[in-house]
Number of protein chains: 2
Amino acid sequence: MITVLSGGVGAARLLRALSDVMDPSQITAVVNVGDDVVMHGLTICPDLDTIIYTLAGLNNDELGWGLSGETWRVMRELEALGGEAWFQLGDRDLATHLYRSQRLSEGATKTEVTMELASRLGVAARVLPVTNDSVATEFVTEHGRLSFQEYFVRHHHDVVVQAIEIVGAPEACATPEVLSALRDASRLIIAPSNPLISIDPILRIPGVREIVRERRDDVVAVSPLIGGQALKGPAARLLGELGYEVSTLGVVDFYEGLVGTWIIDEADTHLADEVRRRGVRVEVTTTIMAEADNAQRLAKVVLS
Amino acid sequence: MITVLSGGVGAARLLRALSDVMDPSQITAVVNVGDDVVMHGLTICPDLDTIIYTLAGLNNDELGWGLSGETWRVMRELEALGGEAWFQLGDRDLATHLYRSQRLSEGATKTEVTMELASRLGVAARVLPVTNDSVATEFVTEHGRLSFQEYFVRHHHDVVVQAIEIVGAPEACATPEVLSALRDASRLIIAPSNPLISIDPILRIPGVREIVRERRDDVVAVSPLIGGQALKGPAARLLGELGYEVSTLGVVDFYEGLVGTWIIDEADTHLADEVRRRGVRVEVTTTIMAEADNAQRLAKVVLS
């Protein structure tokens, strides 16, 4: 049994590759909910959905997010009404949010709803929100305080960030399923997601960081930076803005004390010794998962 | 200036006909919100939407509800997910509910949202919810207590009703716009909507019945029953179940003390004298509004 701390796209790809090379029922994803948002009355969980859609083989590869075969009727009509349409929700995707919002209003937990959706879409791996409580990643920026989606989607993460706050994290409870999955897994994996805004909101839920720290020897992390750049998203820029080195070394420092083995990309081979000097094991391999066989090779290294 | 107490389809048709024969900016519809429901996290206002869609010329004549040119992608996907899909929401219609839910969550009132939607869709008449507060029409039935949409849509109003309750009405406030529209109109019209479940939830908002009663001489009501039957919906059945005569006479009795002039259908000519004996004026005309010229003739009688 393995447990993967997961953000969105990068984590989803690693989880898919892991599902290809091992029994997916032995995989648990513990997923960030700091990006979750209530919009138009609907509860939207971008990271949970990205993972479920990807593991179900329904992800939209062209867009890089959302569902394949998507249509956009509702959004077009909403735009015509003068509604807020900057956060694009496809017709197919909307069904997920309607389902979730209805079940939550009936008293189901986010964990229950996630398991229902995963089961309905044929996902064998276990996908768990880290908490059922409300947590919101917020950005203190040159343009004032922004919610996650305002920062990420509306401003295309193109603003200077002074600080990131995970509102609600100190009061949130990790679910019992998450705490067991962290304690009982033979290996904990930190996915190549954004450390600051995908993984940190998981680590900040009380109890999570402590378990990861205790289990450090069993923790394998995949660096999300390759040659000082992220494949997608603002990881590099944010590391720099918040005072970390803009390279895999900055990521290693960010996770100080939590990781036993680092997997870094071949482009960062020259950093391997420097990482080792921080007292961790290092494996060097291709970490780009665009091709299925590369992704599976990475998955095998993660498991080896 | 005229003000029309309005339910859904029947009221929408009368309002459209009135708009054809007079300046629509001089018409105010005061609309029932007892059918409003939060479903999938979305606030849905069936009567307000029916009126706006009809006055905008966007109503779906084939279905008898909803929007023309409608598609159903989201509902199909929701059904595939195992979600509750008995209350059909078209893709186009959903945009309205997303718009409304977002604006309400931002602090806008239902009145403001309704005026925004009406304006965006080019409706010249003023469409007002009777109250911004939550009001819910509920049915005590042989199958227990049912919400409006459970009774109406899920059970196709085919259950025995023992009582109707308008939950929240005694505590609700009519909006200032509604109170002015009732006081200042030269004529108050009670649309041929279901008396028990469309008009009564309006009359029960504190202050409304009192103004209508004071203005009785200026109140014109169109009977929703023709030959003892409603064109649509459970008006006849409910009148019988709740102890009223199943005919226009039952409707007249239900509105006792509130109406100065009754407009009844030619099929009920034989009841005219009986209605007059109750101390009101009576006009007999065609009240079926399927054809535009009949509807306009009715509208002219209402205004004469």
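Predicted model: local features only at pLDDT ≥ 70, side-chain atom pairs only at ≥ 80, totals over all residues.
## Parallel strands in chain B

Two strands count as paired if DSSP finds at least two bridges between them. Three bridges join β10(B) to strand β13 (residues 261-265) of chain B, and the two run parallel. Within this pairing, Val220(B) stands opposite Thr261(B) of β13(B).

Strand β9 (residues 187-190) of chain B is also joined to β10(B) by three bridges, again in a parallel arrangement. Here Ile190(B) sits opposite Ala221(B). What covers the faces of β10 (residues 219-222) in chain B, and which residues are buried there? Both faces are covered: Val219(B) and Ala221(B) are buried on one side, while Val220(B) and Val222(B) are buried on the other.

## An open antiparallel sheet

Chain B also has an open sheet of three strands, ordered β7-β6-β8, with antiparallel pairing. Strands β7 (144-147) and β8 (161-167) of chain B are at the edges with a single partner strand each, so one side of each has no neighbour in the sheet. From one strand to the next, the twist averages 25 degrees.

Let's zoom in on one of these pairings. Strand β6 (residues 136-141) of chain B is joined to β7(B) by four bridges, and the two run antiparallel. Val140(B) has Arg145(B) in β7(B) as its bridge partner. Lying across β6 and β8 of chain B is helix α8 (residues 195-203) of chain B, which runs at about 25 degrees to β8(B).

## Two crossing helices in chain B

Two packed helices are described by the angle between their axes and the distance between the axes. Helix α1 (residues 9-21) and helix α13 (residues 292-303), both of chain B, pack at an angle of about 80 degrees with their axes 8 Å apart. That angle makes α1(B) roughly perpendicular to α13(B).

On the α1(B) side, the residues that meet α13(B) include Arg13(B), Leu14(B), Ala17(B) and Leu18(B). Their counterparts in α13(B) include Ala295(B), Leu298(B), Ala299(B) and Lys300(B). By class, the contact has eight nonpolar, one polar and three charged residues.

## A buried helix in chain A

How many of the 15 residues of α4(A) are buried? The count is 13, so this helix is largely enclosed by the rest of the structure.

The length of helix α4 (residues 91-105) of chain A can be checked too: at 1.5 Å a residue, its 15 residues should span 21 Å, and its end C-alpha atoms are 21 Å apart, which agrees. After α4(A) comes Gly107(A), with a positive phi near 105 degrees.

Conventions. Residues numbered from 1 in each chain as written. Chains lettered and ligands numbered in written order. Axes fitted to C-alpha atoms, helices over the stretch in contact; angles between N-to-C directions. Contact = placed C-beta atoms within 7 Å. Expected span 1.5 Å × (residues − 1). Buried ≥ 20, exposed ≤ 12 C-beta atoms within 10 Å, placed from the backbone. Parallel < 35°, antiparallel > 145°, perpendicular 65-115°, else oblique. Nonpolar A, V, L, I, M, F, W, Y, C, P; charged D, E, K, R; others polar.
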